[in-house]
Amino acid sequence: MSMAEGDTLISVDYEIFGKVQGVFFRKYTQAEGKKLGLVGWVQNTDQGTVQGQLQGPISKVRHMQEWLEKKGSPKSHIDRANFNNEKVILKLDYSDFQIVK
């Protein structure tokens with residue numbers, strides 16, 4: 001993979017299923033996103049899932065996707081993670097990573 005390819009900005013939506021509410025999942029997701037230098041948002045849904053959007057360099061987004069799929073917050077239990085609407089973007093739509101209430 002060339003450096004340029006790793007720097008391509010992408011946007012991807014996600015929804016995480018399992019025990020992901022009431023376990024600080026959003027807080028940890030925000031912290032991990034910020035640590036990786038990603039922007040986007042995360043929120044709880046009425047269906048008991050957590051959803052949001054990630055934006056940043058492909059390599060960092062991939063790292064975050066793996067984190068969302070396998071790790072999450074310490075007390076969470078992730079059944080599955082869905083990622084969709086992935087697309088290349090020219091610039092970031094957000095300035096930071098927010099928890100949406």
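Mentor: Let us begin with a definition: helices and strands are DSSP runs, with at least four residues of type H or I for a helix and at least two of type E for a strand. The model itself is predicted.

Trainee: What share of residues 11–101 is helix, and what share is strand?

Mentor: The span is 27% helix and 42% strand, and its end C-alpha atoms lie 21 Å apart. UniProt, in an unreviewed entry, lists residues 11–101 as "domain: Acylphosphatase-like".

Trainee: What makes Phe25 and Trp67 an aromatic pair, and why is the pair called tilted?

Mentor: Their rings are 6.2 Å apart, centre to centre, and the limit for a pair is 6.5 Å. The structure holds one aromatic pair. Phe25 belongs to helix α2 (residues 25–36) and Trp67 to helix α3 (residues 58–70), so the pair ties together parts 42 residues apart in sequence. Both Phe25 and Trp67 are buried.

Trainee: How do you know that the charged end of Arg80 sits over the ring of Phe17?

Mentor: The charged end of Arg80 is 3.8 Å from the centre of the Phe17 ring, and the distance criterion is within 6 Å. The assignment also requires a position within 35 degrees of the ring normal.

Trainee: Which residues of the largest nonpolar core touch the most other members?

Mentor: Of its 20 residues, these are Tyr14, Ile16, Phe25, Leu54, Met64 and Leu68. At least two residues come from each of β1 (9–19), α2, β3 (50–57), α3 and β4 (77–88). Helix α3 gives the most, with five residues. As for Tyr14, its contacts beyond four places in sequence include Trp41, Leu54, Leu68, Phe83 and Phe97.

Trainee: What makes β3 a paired strand, and in which sense does it pair with β1 and with β2?

Mentor: Pairing needs at least two bridges. Strands β1 and β3 share eight bridges in the antiparallel sense, with Val12 standing opposite Leu54 of β3. Strand β2 (residues 39–44) and β3 share six, also antiparallel, and here Trp41 has Gln53 as its bridge partner. Five residues lie between the strands in the hairpin of β2 and β3, where Gly48 takes a positive phi near 85°.

Trainee: Where does UniProt place the feature "active site"?

Mentor: The unreviewed entry places it at Arg26 and Asn44. These positions are spread over 19 residues of sequence but cluster in space, the largest C-alpha distance being 7.7 Å.

Trainee: Why does Arg26 count as partly exposed, and why does Asn44?

Mentor: The partly exposed class lies between the buried limit, under 20%, and the exposed limit, over 50%. Arg26, in helix α2, has 22% relative accessibility, so it counts as partly exposed. Asn44, in strand β2, has 26% and so receives that label too.

Trainee: How do you know that Arg26 and Asn44 are in contact?

Mentor: Contact means heavy atoms within 4.5 Å. On that basis the contacts of Arg26 include Asn44, together with Val42, Ile99 and Lys101 among others. Asn44 in turn touches Val20, Gln21, Arg26, Thr49 and Val50, setting aside residues up to four places away in sequence.

Trainee: Is Ala81 buried or exposed, and why?

Mentor: Ala81, in strand β4, has a relative accessible area of 14% and is therefore buried, the limit being under 20%. Beyond four places in sequence, Ala81 touches Glu15, Ile16, Leu68 and Glu69.

Trainee: What makes the phi values of Phe24 and Asn85 worth noting?

Mentor: Most residues other than glycine have a negative phi. Phe24 has a positive phi of about 60° although it is not a glycine, and Asn85 has a positive value near 55°. Phe24 lies in the loop between β1 and α2, whereas Asn85 is found in strand β4. With a relative accessible area of 57%, Phe24 is exposed; Asn85, at 51%, is exposed as well, given a threshold of over 50%.

Technical notes. Residues numbered from 1 in each chain as written. Predicted model: local features only at pLDDT ≥ 70, side-chain atom pairs only at ≥ 80, totals over all residues. Heavy atoms only, no water. Phe/Tyr/Trp six-rings, centres within 6.5 Å; stacked < 30°, edge-to-face > 60°. Buried < 20%, exposed > 50% of the residue type's maximum accessible area, 1.4 Å probe, protein only. Core = buried A, V, L, I, M, F, W, Y, C linked by side-chain atoms within 4.5 Å. UniProt positions renumbered as here; feature names shortened; annotations may be inferred.
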